[in-house]
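Please walk me through this protein model.

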Amino acid sequence: MTQERIAVVTGASSGIGEATARHLAGAGFHVICAARRRERIEALAAEIGGTAIACDVTSPDDVAALAEAAGPRLHALVNNAGGAIGLEPIADAGPAQWREMYDVNVVGLLQVTQAGVPALIASEDGVICNVGSIAGRTPYEGGAGYVAAKHGTRAVTETLRLELWDQPVRICEIAPGMVATEEFSLVRFGGDAERAAAVYAGVAEPLVADDIADAITWVVTRPRHVNIDTMVIKPRAQAAPHKVHRA
Ligand code: 8X3
């Protein structure tokens, strides 16, 4: 009997993380669904036959518990927990918001990665998929705090690939553009539903979480010698972060 392959997905309570947990379970993984909101991940884990671990990626204790739950051999780690807060120009930006974004998008990802790497190596066929953003490549007005944080996500990904060059671990960054999820823009605008909806207004077909989950699952399930370094995914209507076709 072949051993069940384990995958950890952070930020699994909604959006891209939740969809990725479903897709990876469909591909045969036992998925550890990690997020702060216990009720949501428990429902998801029950549905897909996975395990729910309440985890704030910025908490070292939570991350240690997550690594413990994942066990000694881990095949896939999807560092998806992250997000944007605010869209103020630099002149008005709040340092606390910037710190929070750096903390979750970079330091949290660092902590989960540090905790997961020994088990990824032990599996002899590990893969880390970090969810970055087109903001990690192209600045846009009002986005500097998030842009800086996602450049950090990218820097960690590319550095780790160099540092683990002789280990059996593949390292990928998925960089999505406009993805219409229930919460990304709502969180960015502090719960202002009208402002959040305006982000996608008139865009015929923004990406949906399943599009990114599909790509992550494809990356994860390539043969062990195939490392997809970076995948930038935007809807057809988005030529650049700020250049979006609206009807
Ligand atoms: C989300 C893409 O354009 O809002 O990571 O920065 S964008």
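At what angle do the axes of helix H1 and helix H2 cross? They cross at roughly 15°, and they come within 10 Å. H1 covers residues 15-26, and H2 covers residues 38-48. The axes are lines fitted to C-alpha atoms, for helices over the stretch in contact, and angles run from 0 to 180 degrees between N-to-C directions. H1 is therefore roughly parallel to H2. That label covers angles under 35 degrees; over 145 is roughly antiparallel, 65 to 115 roughly perpendicular, and the rest oblique. The crossing of H1 and H2 is right-handed. In a right-handed crossing the near helix is turned clockwise from the far one by less than a right angle, and in a left-handed one anticlockwise.

Before going on, note the ground rules. This is a predicted model, in which local features need pLDDT of at least 70 and side-chain atom pairs count only at pLDDT 80 or more, while totals for chains, interfaces and linings use all residues. Residues are numbered from 1 along each chain as its sequence is written, and side-chain values use heavy atoms, with hydrogens and water left out. Helices (H or I, at least four residues) and strands (E, at least two) are DSSP runs, numbered from the N terminus.

H1 also packs against helix H8, residues 209-220. Here the angle is about 50°, and the axes are 8 Å apart. H1 and H8 are therefore oblique to each other. This crossing is right-handed.

On a 1 Å grid over the protein atoms alone, a cavity is a set of points where a 1.4 Å probe fits but cannot get out. A pocket is an open set with protein on both sides within 12 Å along at least five of seven lines. Lining residues have an atom within 4 Å of a point. Grid points are joined across faces, edges and corners, and a volume is the space filled by probe spheres set on the points.

There are two cavities of 30 Å³ or more. H3 (60-70) and H4 (95-122) each supply at least two lining residues. H3 gives the most, with four. By class, this lining has nine nonpolar, one polar and no charged residues. Ala, Val, Leu, Ile, Met, Phe, Trp, Tyr, Cys and Pro count as nonpolar, Asp, Glu, Lys and Arg as charged, and the others, Gly among them, as polar.

The second largest cavity has a volume of about 50 Å³. Of its 13 lining residues, Ile85, Gly86, Trp98, Met101 and Gly142 are the closest to its centre. H4 and helix H5 (144-163) each give two or more residues to this lining. The classes are seven nonpolar, five polar and one charged.

Next comes a pocket. Gln3, Glu4, Arg5 and Ser123 are among the residues that line it.

Finally, two single residues. Arg99 sits in H4. Is Arg99 buried or exposed? Its relative accessibility is 62%, so Arg99 counts as exposed. Exposed means over 50% relative accessible area, buried under 20%, and partly exposed in between (1.4 Å probe, protein chains only). Glu124 lies in the loop between H4 and strand S5 (126-131). At 54%, Glu124 is exposed. Its phi is near 65°, a positive value. Most residues other than glycine have a negative phi.
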